[in-house]
Amino acid sequence: MSQRGTSLFEALVACFLLAFGMIGLARLQAQHHADADDARLHGIALRLAQDEIEALRSAPHPAAAASASRRVAGDAAFQVDLQTSPLDRSQLVSVDVSVRWIDRRAAMQSVELHSLVADPQRALAGALLVAAGASPAAR
């Protein structure tokens with residue numbers, strides 16, 4: 001009789017251990033899903049910041065300016081802040097882009113990119129195509 005009670009007790013302990021293991025796996029899966037979502041939002045924010053810098057590089061004259069915009073991508077809203085300032089005695093413009101958003105844990109996240117953008121004199125761009133000493137009409 002005591003043998004049957006022991007095996008029932010062992011089965012009960014095994015069920016509890018299995019249940020705790022399943023709960024641990026479920027929590028691990030939820031954590032993995034939240035981390036993957038954070039990585040996805042971080043990638044979107046980084047792409048938005050890169051797009052801002054590339055748009056400024058293709059602008060005719062990047063100037064000293066500051067702008068802010070709100071963009072929605074997927075299930076999150078991103079705040080994009082852009083600040084530019086010319087550097088002393090050069091044709092370079094310093095660009096700072098900050099992207100902020102709130103993740104699913106209600107924590108503020110941010111990405112910042114800093115870059116330099118050339119402000120070339122567009123009027124002289126054609127001078128690179130003309131050989132030294134040659135006239136443009138001779139080509």
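Contact here means heavy atoms within 4.5 Å of each other. All views show a predicted model.

View 1. Read from the N terminus, the elements of the protein chain follow the order α-β-β-β-β. The chain has 139 residues, and 23% of them count as buried. Its accessible surface amounts to about 10,100 Å², with 61% of that belonging to carbon and sulfur atoms. Among contacts between residues at least 6 apart in sequence, 43% join residues at least 24 apart.

**View 2. The largest nonpolar core, made of 20 residues.** The members that touch the most other members are Phe 78, Val 95, Val 97, Val 99 and Trp 101. At least two core residues come from each of helix 1 (2–57), strand 2 (76–86), strand 3 (92–102) and strand 4 (108–118). Helix 1 gives the most, with seven residues.

**View 3. The surroundings of Val 95, a member of the largest nonpolar core.** Neighbours within four places in sequence are left aside here. Val 95 is then in contact with Ile 53, Leu 56, Leu 82, Gln 83 and Thr 84, and also with Leu 113, His 114, Ser 115 and Val 117.

**View 4. Ser 98, a residue of strand 3.** Is Ser 98 buried or exposed? Its relative accessible area is 14%, and the cut-off for buried is under 20%, so Ser 98 counts as buried. Leaving aside neighbours within four places in sequence, Ser 98 is in contact with Gln 79, Val 80 and Asp 81, as well as with Val 111 and Glu 112.

Key
Residues are numbered from 1 along each chain as its sequence is written. This is a predicted model: local features need pLDDT of at least 70, side-chain atom pairs count only at pLDDT 80 or more; totals for chains, interfaces and linings use all residues. Side-chain values use heavy atoms; hydrogens and water are left out. A nonpolar core is a set of buried Ala, Val, Leu, Ile, Met, Phe, Trp, Tyr and Cys residues joined through side-chain atoms within 4.5 Å. Buried means under 20% relative accessible area, exposed over 50%, partly exposed in between (1.4 Å probe, protein chains only). Helices (H or I, at least four residues) and strands (E, at least two) are DSSP runs, numbered from the N terminus. Accessible areas come from the Shrake-Rupley method with a 1.4 Å probe; for residues, only the protein chains shown count as cover.
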